[in-house]
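Reader: Can you walk me through this one? I have a few quick questions.
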Amino acid sequence: MLRAALVSALVAAMVMPVAAHARTDPVESVNTFIGTKDDGNTFPGASAPFGMAQSSPIGSHYAGWRYDDPVIRGFGHFFLSGAGCHEQGGLVSVLPTTALPDSFDHRRYGVGYDHAGEVGTAGYYRVRLASGITAESTATTRTGVERFSFPAGATPHVLVNVGQANDKEPVSGSSVRVVDDRTLAGTVTSQAFCGGRPYTTHFTTTFDRPFTRTGNWGGAEGGAGLRGQWVAFGDGPVTAATAISHVDADGAARNLVEAAGRTFDELRAAAQASWRDELGSITVETDNADDRTVFYTALYHVLLQPLTGNDIDGRYRGFDNRVHTAEGWTYHEFFSLWDTYRAHNQLIALLRPDRARDIARSVLAIEEQGGWLPRWAYANQETNTMTGDPVTPFLVDLWRFGALEGLEDRAYRALLRNANGVPPASSPFEGRAGNRSYLASGFVQYDQDFPKKGQDVDPHHGASATLEYALADCSLSVMAAALGHHEDAQALRRRALNHRALWDGTVTDRGFRGFPRPKTADGRWLTPFTPQGRPGFHEGTAWQYQWLAQHDIPGLLELLGGRERAAARLDDFFAYPDLVADPARAVREKWVVGPYDYYNQFRYNPNNEPDLHAPWMYTLIGQPWKTSAVTRAAQTLFVNAPNGVTGNDDLGTMSAWYVFSALGLYPAVPGTGQFLLHAPRFERAVLHTGKPVVITANATPGLQYVSSVRVDHVPRNRVWVDHAVLAGGAEIAFTLTADPAAATWGTGPDDAPRSPCG
């Protein structure tokens, strides 16, 4: 134990604002409160990188906690970062008190707290409760750890609540038992994300000293209802460590070894050392402390997921509900593929290739054990959340980045089966539920009465599902050709043009003619229809989804009426004249709407995924300087404040977008391995990916445009670099200008990449 003077010095250091540490250490540059307001849905507490367990406060918000929640109900041990649905964990809640409450309902016993002195950084959280108790959190990969320091003269109590979790996380069954005078164990059966099935989490909680008294509420086990165990201690601080497992009680008990025999301060130091290594995968140079904090917090959010899925002994619960063992690799779970295939996946693969290999292997294990490839895989079940075919570009990009080496044929067979078929009715997976219409007629029909197995189904959003299928087909065609499956590749390339089947050249809106429009099963256009409307599109409109054809630029340009009309439509979409005049104001007044206001919109929506790549459409049609302007403007939405993430962070997707945009790279076209270039935000950034990638620029605040690029000291007019260049180490030097008229770089007829399916 540390001496009192040392403890006082440590506490004094911890209450220092994050910005004061933001100059040298990437760990202290992280502000975990970013995204905890305005439905960013991040959590402020502690986690290890890709951690199975966390330790974070629970409030009244469905994501677990938000910055303006008035009370803390406890510290939970499972959270998803930035997800949009309810049921996001908060399981096995512990709360320190100085006495037993009048009620064991956490909605009544929750305690106030003070933001003054509150600390949230990578691997560590601290808050002072209104009861006078100071609560601190840290974590290992499979345990969440708390230290509670009580006021002098108070009798330390800890409530372990297994019957309640997040506000909208239904607990349908729970149990708790006393193992010995330091340890509790039990289970929580709770509702999976987005209407999935209930699943069981096993836990073991151990304290650093014996409790003197204990008592139960609600009984040792049973169905829904209040249930838990309280413990009391003699004077002094109390440290609690909670390990979880989706396998069994033995798994949770074994996972506790990660925290065994070490003090809270030692565990905190280990967690932060782990984060220092992960965050050190990129170094950026800037004198702006807020810029540094925003960047490293975004990178932190990227590196939280997917979560480690196997216990310390390698066991995990598979999609066949059997226990399997990952030997020599790490099984991962919780895959928000509709979100993460667009940017998050590629960033993990670029920075952490070993992790990417395990992720790829995990997705293939889901297919092997569950019978089909997933879309939104929660723990060991498919929720069928969102639509389209995101697993195809997800895995194809992992193949392109080398993460499927030795597994290429196995992955290709699974992907082709997924692309050409529909899971049987007995399967819990929906897969490409719209494939019968798509394969026969070239489009997914719009049919609101189509039966679904889970949260969503493709024919309910037939137009956007068609566009997603076509993009996926193009990416798979690239893989097919490289593996020598040339007939498959040709067929897939033809299907990649199916986005054209939904283009109605008679529809007009805002002075522009032609938009994607849903079709019903008989091939007729959906009537009535407006490009700003909801029917046929998932979390977006025809305005956002018209750009989801980045794999077929020649075809899209023809549909749009040529490059000039395409550029004019992009200008209207981004409110480009207003953006150039006042970037920060324009993006807030013209783009940003509520986090869930997806419809009745005709502009870029930086809160959501369907048009995340749209700024790079300028680059693909020959106006790359406008991409630089739009990305710089969009970066003003990411700030060092609780509302510093635009919309749900969606398991790190929005944060990954920011990291790529700040670096001057973006993977806009799945399957190609191409990173489109634009103006970086920092003067110097280094990606430590084995052989370093060094990115330099004369970057300054405000709008800037690229006037020239040199790659390894050789002038480059082409607007992209391949993954192979980055993987081999490279120096990319940008020369930037504030004058758009001087930004002629990348505008030549051969400077943009050829479309893989155009």
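Reader: Start with a strand pair. Which residue in S34 is the bridge partner of Leu-676?
Author: Trp-720 is the bridge partner of Leu-676. Keep in mind that this is a predicted model.

Reader: How many bridges join S29 and S34?
Author: Three bridges. S29 covers residues 674-677, and its pairing with S34 is antiparallel.

Reader: What order do the strands of that sheet take?
Author: The order is S28-S29-S34, in an open, antiparallel sheet of three strands. S28 (665-666) and S34 (720-722) are the edge strands, and each pairs on one side only.

Reader: Now the ten-strand sheet. What is the strand order there?
Author: It runs S3-S6-S7-S8-S9-S17-S13-S12-S11-S15. That sheet is open too, with antiparallel pairing.

Reader: Which strands stand at its edges?
Author: S3 (71-72) and S15 (221-223). Each has a single partner strand, so one side of each has no neighbour in the sheet.

Reader: And S11 with S12, how many bridges?
Author: Eight, in the antiparallel sense. S11 spans residues 171-180 and S12 spans 183-191. Within this pair, Ser-175 stands opposite Thr-187 in S12.

Reader: Which residues of H4 are buried?
Author: Phe-264, Asp-265, Leu-267, Arg-268, Ala-271, Gln-272, Trp-275, Glu-278 and Leu-279. Seen down the helix axis, the buried residues of H4 fall within an arc of 160°, so they line one face.

Reader: Why would residues three or four places apart point the same way?
Author: Because an α-helix has 3.6 residues a turn.

Reader: Another helix, then. Is Gly-555 buried or exposed?
Author: Gly-555 is buried, because its relative accessible area is 3%, and the cut-off for buried is under 20%. Gly-555 lies in helix H15, residues 553-560.

Reader: How far apart in space are Gly-555 and Arg-500?
Author: 7.6 Å, C-alpha to C-alpha. In sequence, Gly-555 and Arg-500 are 55 residues apart.

Reader: Which ones are closest to its centre?
Author: Met-386, Asp-456, His-538, Glu-539 and Tyr-598.

Reader: How does the lining divide by residue type?
Author: Into 14 nonpolar, eleven polar and seven charged residues.

Notes: Residues are numbered from 1 along each chain as its sequence is written. This is a predicted model: local features need pLDDT of at least 70, side-chain atom pairs count only at pLDDT 80 or more; totals for chains, interfaces and linings use all residues. Side-chain values use heavy atoms; hydrogens and water are left out. On a 1 Å grid over the protein atoms alone, a cavity is a set of points where a 1.4 Å probe fits but cannot get out, and a pocket is an open set with protein on both sides within 12 Å along at least five of seven lines; lining residues have an atom within 4 Å of a point. Ala, Val, Leu, Ile, Met, Phe, Trp, Tyr, Cys and Pro count as nonpolar, Asp, Glu, Lys and Arg as charged, and the others, Gly among them, as polar. Buried means under 20% relative accessible area, exposed over 50%, partly exposed in between (1.4 Å probe, protein chains only). Helices (H or I, at least four residues) and strands (E, at least two) are DSSP runs, numbered from the N terminus. The arc is that of the directions from the helix axis to the C-beta atoms. Two strands pair if DSSP finds at least two bridges between them.
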